[in-house]
Amino acid sequence: MSCQQEYPLEDWQSPSSATARTGSLLSPVQEAPSPSIPSPASSSSTRPPNILPTITRDTLRELDLESILKNAQLRHDLLFDPGLQFRAVAGKRKQTATDRYWDAIAREFAPVCRCSQYTCRCSPAGSSTGCKPVPNPPPLKGQLAASRVGPMLYELMAVLKCVIAPPPLPSSQPPRQSYLNSVAEAEALLHHFDPILIESEMRHGIYEPGGLFRLIGQTLKRHCAPMRDRLIDKMVDIAVGREGGTGVQRTLDAARLCFEVLELMKLDIANHQLQHLRPFLASSTPEFLLRVFSDRCRHGLTSPANIQSLLQTSFDKIVTLPIPAYIPAQPYPTSIPSPLRRTHIHLAMIKALSEMAFMPPTDSYPETLYLDTARVTLLIADAADLSALYMLIMLWRQLVYWKDGSDGLKCNTFPRLTRKNSKLEHWEVDRIKKEIWEVSPKRVGSCFFVENGERCVPLKNGPSAKAVLTYCVHFSKIPEQYQRINQMVFDNMKWRDAMENVAVQIAARAEDARASDGVDSTTTTSTGATSRRAPSQAAVTLMNGWIAAHLRRNSPLATLFRGHLQREVFNAATRITYGGNPVKTITEIVPGPENTTLGLESLMPEIRHLGQRIAKLALMNMKVYWSLYEADGFLRDPSAEA
């Protein structure tokens, strides 16, 4: 069986997950975790846990077949990666909530503390000190919280029935015999459940959970995959006392593990159904998504105004180019009323996405990309990283060939050395590129989302980021409403600190390249360490000044370089989309080979990767919304009007 990519149970925006799951595209080195500015303790640490466990019939309902078929985000993500699967979320937040819930139930049976509220810190069993109230606990509607034992037992019954006999799709056909057998088996199991009696015996310390959980284990083994048998055996061993705690704790530990096994079984069932439904989903999803978008427009939730304006701007530029009428066969039906117009629209979508990646909109993304928010956001961040890397490499190139007095300037920053070899070696460029990635911050392109040295925060009538940071440092705490601003300011401070290291590295490598004339001047000492010339302080100061002046939002130089990259990424995406045309070659659309005259040769792998992602995003978007884009009056043809 081939390894397939897993798909989170929560947060459908995570293709990122498939990608966030991927992290940064461009940076090959992950930044070590940095200490953050301390924040006040969250009130969630003293807030009573929920009355129900974290795994309930409601949380598992989105895994039902009917919910899967109605989940637009999931079906859209399956277009990009048919191998996506559900998986249980194993985050720290969920783990903490689960631990607090079962700890709250255990407190109800504590021999010393008999309080039911979670705002006390109870002493260990057998201690005579009693409860120690938390200073300034948050206000509660009631002094005591309701018992969680009864609701937990009833929820366990409901989840067992949901997993053993999942509800079928609404149909006029009578249910199959296999489903009727599963329902009968679930009812026979639940007949042994008496939550009131079980809770009473637990409170008197006379309940023996071994028999019930042994029956549950036998039933689950007839419905689960063989790989779940080990967990079921562990659950039974805990219940009968072969491992784990004693007394009531055995029942609680066995019930907790039973919930986890049931969640895994529900995930296995959902993945099995998803595997069999993939051919149907692949063929019906485009029509389904178009219908969902049309319903949103009809109910006034959205309108295609932004995508229409964006496509029209790109369409006006594309329609004047000598483009052959070739259409990829994959996303379109066989009958094409206007092949050339569809080619223009497809290329206009590629151009619009490439421009959006390097010049993101200030308000919101186009309406037909509402299911691609995570993909577009990651694409914009990666494009910004690539832009910053391009500018830093070009800065290094300029320093290598800088001559004292060039452009009428006099400067003694660098040694008066002139490089004889006019051509930089590939290994030199690749080395500085790799070293910039290693010493730069995790998101080196975040500078393009900063204005006037401060992070752009969409907060009206609020204090400046600098004022908030001053307040936080002076009072050693962060107001709750300004925590987001403080994190942004702190990220900006970390970026500046890391860029100082980049400046030192660029200056050092520039002096090495000027002095070595294409020969690696790095030496290895007897201890195995490497050494090279240290850059002068004047050179580092010059580098820091250049970075502060040009690596920022709306910088003219940054705009110029991002424009170069945008054109190359558009060309790469177009080559990927139309490169397999047997009749017309891509050179008729994008003349000439890949542009290497602008210092982009070392960045071509990243450019092609961005182009591939943009080409796929445009292809899937056209696959769903081509009928909307080709509708009469949606796009004006400037050549027809002329």
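**Exercise 1.** Is Gln 95 buried, partly exposed or exposed?

*Solution.* Before starting, note that this is a predicted model, where local features need pLDDT of at least 70, side-chain atom pairs count only at pLDDT 80 or more, and totals for chains, interfaces and linings use all residues. Residues are numbered from 1 along each chain as its sequence is written, and side-chain values use heavy atoms, with hydrogens and water left out.

Step 1: find the residue. Gln 95 sits in helix α3 (residues 92-107); a helix here is a DSSP run of H or I with at least four residues, a strand is a run of E with at least two, and numbering goes from the N terminus.

Step 2: get the cut-offs. Buried means under 20% relative accessible area, exposed means over 50%, and partly exposed lies in between (1.4 Å probe, protein chains only).

Step 3: decide. Gln 95 has 42% relative accessibility, so it counts as partly exposed.

Step 4: look around. Thr 54 is 41 residues away from Gln 95 along the chain, yet their C-alpha atoms are separated by 9.3 Å.

**Exercise 2.** Describe how helices α4 and α9 pack.

*Solution.* Step 1: know what to look for. Two packed helices are described by the angle between their axes and the distance between the axes.

Step 1: read the values. For α4 (residues 149-164) and α9 (residues 248-298), the angle is about 25 degrees and the axes are 10 Å apart. Axes are lines fitted to C-alpha atoms, for helices over the stretch in contact, and angles run from 0 to 180 degrees between N-to-C directions.

Step 2: name the arrangement. The two helices, α4 and α9, are therefore roughly parallel (under 35 degrees; over 145 is roughly antiparallel, 65 to 115 roughly perpendicular, the rest oblique).

Step 3: check who touches whom (contact means heavy atoms within 4.5 Å). Among the residues that meet are Met 152 and Leu 156 in α4, and Phe 259 and Ile 269 in α9. By class, this contact of α4 with α9 has 13 nonpolar, no polar and 2 charged residues. Ala, Val, Leu, Ile, Met, Phe, Trp, Tyr, Cys and Pro count as nonpolar, Asp, Glu, Lys and Arg as charged, and the others, Gly among them, as polar.
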